[in-house]
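Colleague: I would like to learn how to read a few features from coordinates. Please give the general idea each time, then the case at hand.

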Amino acid sequence: MAAPAGGGGSAVSVLAPNGRRHTVKVTPSTVLLQVLEDTCRRQDFNPCEYDLKFQRSVLDLSLQWRFANLPNNAKLEMVPASRSREGPENMVRVALQLDDGSRLQDSFCSGQTLWELLSHFAQTRECLQHPSGATPVCVYTRDEVGGPLLPTHPLPNWKTLAGDSGS
């Protein structure tokens, strides 16, 4: 992830369990889970088994860099995860906001697809069964998934973390 031309880019250094440091370029919209995944990919670790720690605090991996309150050139450390984020048995709480502004909420297994999530709610199920020319699209932190990808797109590929985020 290269920094955008014109500035706004930062870098973070991550200490892996093998003692090696990896520098990751981040933008304000980079999610901390992406930093962990990039480091794990380069150091051959499983990102589901680790969290990131800054000083004495374990970080919320669902936060974007701009909201993580971390300084430029922060030195992070990979630590064993307190709970696994892997597997279909993990439950995630999902709030779905419709075009009219109403919200639907429920808990789902992290292995379910976006299509199954939309089919769960009566308000969205009708739209899926009787399409009126409109294609449903899910937007999450500015990423859009729609059309033929909905039936096969699982929640974990959308950087969803297991656990209740409280929102």
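**Cysteines, a helix and ring pairs**

Modeller: Start with disulfides: a pair of cysteine sulfur atoms within 2.5 Å counts as one, and by this rule the count here is zero. Cysteine 40 is in no disulfide, and its nearest cysteine sulfur, that of cysteine 48, is 8.8 Å away. The model is predicted: local features need pLDDT of at least 70, side-chain atom pairs count only at pLDDT 80 or more, and totals for chains, interfaces and linings use all residues. Residues are numbered from 1 along each chain as its sequence is written, and side-chain values use heavy atoms, with hydrogens and water left out.

Colleague: Is cysteine 40 buried or exposed?

Modeller: Buried means under 20% relative accessible area, exposed over 50%, and partly exposed in between, with a 1.4 Å probe and protein chains only. Cysteine 40 has 1% relative accessibility, so it counts as buried. Cysteine 48, at 22%, counts as partly exposed.

Colleague: Which residues of α1 are buried, and what do they pack against?

Modeller: An α-helix has 3.6 residues a turn, so residues three or four places apart point the same way. The buried residues of α1 include Leu32, Leu36, Thr39 and Gln43. Contact means heavy atoms within 4.5 Å; the buried residues of α1 pack against β1 (10–15), β2, β3 (50–54) and β5 (74–80).

Colleague: What does histidine 22 contact?

Modeller: Histidine 22 is in strand β2 (residues 21–26), and at 11% relative accessibility it is buried. Beyond its neighbours within four places in sequence, its contacts include Val12, Asp38 and Arg42. A polar contact is a pair of N or O atoms within 3.5 Å; within protein, one must be able to donate a hydrogen and the other to accept it, and residues adjacent in sequence count only if both atoms are side-chain atoms. The side chains of histidine 22 and aspartate 38 make one at 3.1 Å.

Colleague: How many aromatic pairs are there?

Modeller: Rings of Phe, Tyr and Trp (its six-membered ring) pair if their centres lie within 6.5 Å; planes under 30 degrees apart count as stacked, over 60 as edge-to-face and the rest as tilted. The count is two aromatic pairs. Phenylalanine 45 and tyrosine 50 have ring centres 5.5 Å apart and planes at 75°, so this pair is edge-to-face.

Technical notes: Helix = DSSP H or I, 4+ residues; strand = E, 2+ residues; numbered from the N terminus.
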